[in-house]
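Please look over the sequence and the structure shown below before reading on.

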Amino acid sequence: MNKGKVWLIGAGPGEAALITVKGLHYIQSADVIVHDRLVNPELIAQAPEHCDIINVGKERNHHPIPQEEINQILVKHALAGKQIVRLKGGDPYVFGRGGEEAETLAQQGIEFEIIPGISSAIGGLAYAGIPVTHRDYASSFHVVTGHLSQGNEPQNWRALAQLDGTLIILMGMSRLAEICQQLIQFGKPPATPAAVIMYASQPRQEMTIATLATLAAEVEHHQLHAPALIVIGNVVRLTEILAFTSTPITLSSTAVMMNPLTRQVT
């Protein structure tokens, strides 16, 4: 039997309609979908009836299916000649371990393709009215993880505190107070605007705006929790001007406008 192929697809920051047209096409034609916990269920509902759906979602400090086993799930189904979609939140290569999965597939001689997605680090902030760069406020942005794997050196908060651009922290909610304290300790002004956006781009999106010194207390007061984005920098001020109300559309209405099978506007 010929080997199958794996498409590593970014599902975007949360709203289902933010999937790419190419990503939607392969979801709709997959034999197997292997998906993360935070992928919008509306995307899973686009799978064909014959498709096997495998949830390999992880939660903080709870990984029921280890990464090595996820890698082998992809290999097993590809060796069986299946067309597999590996559906990951955001973009596969932005803290999504997509690089590790692609490495495993390459080592096994299995064909794969990356279909990028909208990273929550950019798209999620946009939905909160926060541009990651702005000529008057920030000429660069820096995306880091607040959760390093065991055995890695701690995040270099001293260096990050000296950066002038927008600082975006993913997977940092469990250490928010410590992160804010470290940045202040190493020189970031306590009055620096900061925000946390929970469930970014979704109808249930919530946001707390504060300063670096008060952010952790405000987040606790408003009971925000993961999944959430942490953003620190002067661009946060712009949310008062640039915040907007999203007009949601369903994937069925998207299919009317764009035919994912032909990639042509209809």
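Which strands does helix H4 (residues 98-107) lie across? In this predicted model, helix H4 lies across E1, E4 and E5, and runs at about 170° to E1.

**The parallel sheet**
- Five strands make up an open sheet in the order E3-E2-E4-E1-E5, and their pairing is parallel.
- At the edges are strand E3 (52-55) and strand E5 (111-115), each of which pairs on one side only, while the twist from one strand to the next averages 15°.
- Strand E1 (residues 5-10) and strand E4 (residues 83-88) run parallel and are joined by six bridges, and Lys-5 has Gln-83 in E4 as its bridge partner.
- Helix H3 (residues 67-79) lies across E1, strand E2 (32-35), E3 and E4, with a direction at about 155° to E4.

**The mixed sheet**
- An open sheet with mixed pairing is formed by five strands in the order E6-E7-E10-E8-E9, and its edge strands, E6 (141-145) and E9 (206-211), each pair on one side only.
- Strand E8 (residues 193-198) runs antiparallel to strand E10 (residues 228-232), with five bridges between them; Val-196 has Ile-230 in E10 as its bridge partner.
- Helix H5 (residues 120-127) packs on this sheet, where it touches E6, E7, E8 and E10, and its direction makes about 85° with that of E10.

**A nonpolar surface patch**
- Val-94, Phe-95 and Met-171 form a nonpolar patch on the surface, and together they have about 240 Å² of accessible area.
- Met-171 lies in the loop between strand E7 (166-170) and helix H7 (176-185), and is partly exposed, with a relative accessible area of 43%.

Note on methods
Residues numbered from 1 in each chain as written. Predicted model: local features only at pLDDT ≥ 70, side-chain atom pairs only at ≥ 80, totals over all residues. Heavy atoms only, no water. Patch = residues over 30% accessible without salt bridge, like charges linked within 9 Å, V, L, I, M, F, W, Y side chains within 5 Å. Areas by Shrake-Rupley, 256 points an atom, 1.4 Å probe, with all protein chains shown as cover. Salt bridge = Lys/Arg side-chain N within 4 Å of Asp/Glu carboxyl O. Helix = DSSP H or I, 4+ residues; strand = E, 2+ residues; numbered from the N terminus. Buried < 20%, exposed > 50% of the residue type's maximum accessible area, 1.4 Å probe, protein only. Pairing = 2+ DSSP bridges. Contact = heavy atoms within 4.5 Å. Axes fitted to C-alpha atoms, helices over the stretch in contact; angles between N-to-C directions.
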